[in-house]
Amino acid sequence: MVSKLLMVGRLSSDSIKKSDRQAMEGVLDVTKFLEEHPGGEEVILEVAGKDATKEFDVIGHSKAAQNMVLKYQVGVLQGATVQEVDLKDVVDKESNTKEMSAFVIKEGARSKSLAFYEFFVPLLVAGLYFGYRCLTY
Ligand code: HEM
């Protein structure tokens, strides 16, 4: 069972200038996206842990798909350079087991405090409302 599925790929979005792309080798956590992927799980599993830039580009993914990629970025590739892999090599599984190192740049701290406020603010509003109702009737 795969617990975390990391895919490496160049981030291509309209919001990223072409000249900046070379320095934007992103690490994507596509674990949750697996089941949603319109192209199926299999193709993503095949490139898990590897540079999937070419495979992604070859399909001719739509602009929406290219922008969707940003949603799954969890880090950038250390050194920010990915060796160009020939598509022939990708088909040949044995030559496609090069290791890459990556580090995570996003942490869940912000979303934790956000979840805290999302829970307590509505509770506070409801409390104030009922308090008001009790006092006015
Ligand atoms: C996080 C990365 C990826 C995202 C967000 C993504 C998203 C999508 C989306 C939205 C579609 C629907 C068609 C479109 O809008 O272009 C699609 C189709 C597809 N994707 Fe991906 N994809 C990803 C990675 C990949 C990779 C790495 C491969 C290949 C190794 C792949 C292969 C395909 C295939 C074969 C289709 C079906 C194309 C068709 O039916 O014509 N995708 N993907």
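A: Helices (H or I, at least four residues) and strands (E, at least two) are DSSP runs, numbered from the N terminus. This is a predicted model, where local features need pLDDT of at least 70 and side-chain atom pairs count only at pLDDT 80 or more, while totals for chains, interfaces and linings use all residues. Residue numbers start from 1 along each chain as its sequence is written.

Q: OK, what does UniProt list for residues 114-132?
A: An unreviewed entry there has them as "transmembrane region". UniProt positions are given in the numbering used here, with feature names shortened, and annotations may be inferred rather than shown by experiment.

Q: What's the mean pLDDT?
A: The chain averages 73, and 58% of its residues reach 70 or more; pLDDT is the predictor's confidence in each residue, from 0 to 100. The model scores are ipTM 0.88 and pTM 0.57.

Q: Which elements have the lowest and highest mean pLDDT?
A: Helix α4 (residues 87-91) is lowest at 53, and helix α1 (residues 41-47) is highest at 91. Also, residues 12-23 stay under 50. The model has eleven contacts for that stretch beyond four places in sequence, a contact being two residues whose C-beta atoms, placed from the backbone, lie within 7 Å.

Q: Switching to the ligand: which residues are closest?
A: Pro 38, Gly 39, Glu 55, Ser 62 and Ala 65, out of 20 residues that surround the ligand. Being near means a C-beta atom, placed from the backbone, within 6 Å.

Q: Which helices supply at least two residues of that shell?
A: α1, α2 (53-59) and α3 (63-68) each do.

Q: How does the shell divide by residue type?
A: 15 nonpolar, four polar and one charged. Nonpolar covers Ala, Val, Leu, Ile, Met, Phe, Trp, Tyr, Cys and Pro; charged is Asp, Glu, Lys and Arg; the others, Gly among them, are polar.

Q: Last one: why does Gln 73 count as partly exposed?
A: Because Gln 73 has 17 C-beta neighbours inside 10 Å; buried takes 20 or more other C-beta atoms within 10 Å, exposed 12 or fewer, and partly exposed is in between, with C-beta atoms placed from the backbone. Gln 73 sits in strand β3 (residues 73-77).
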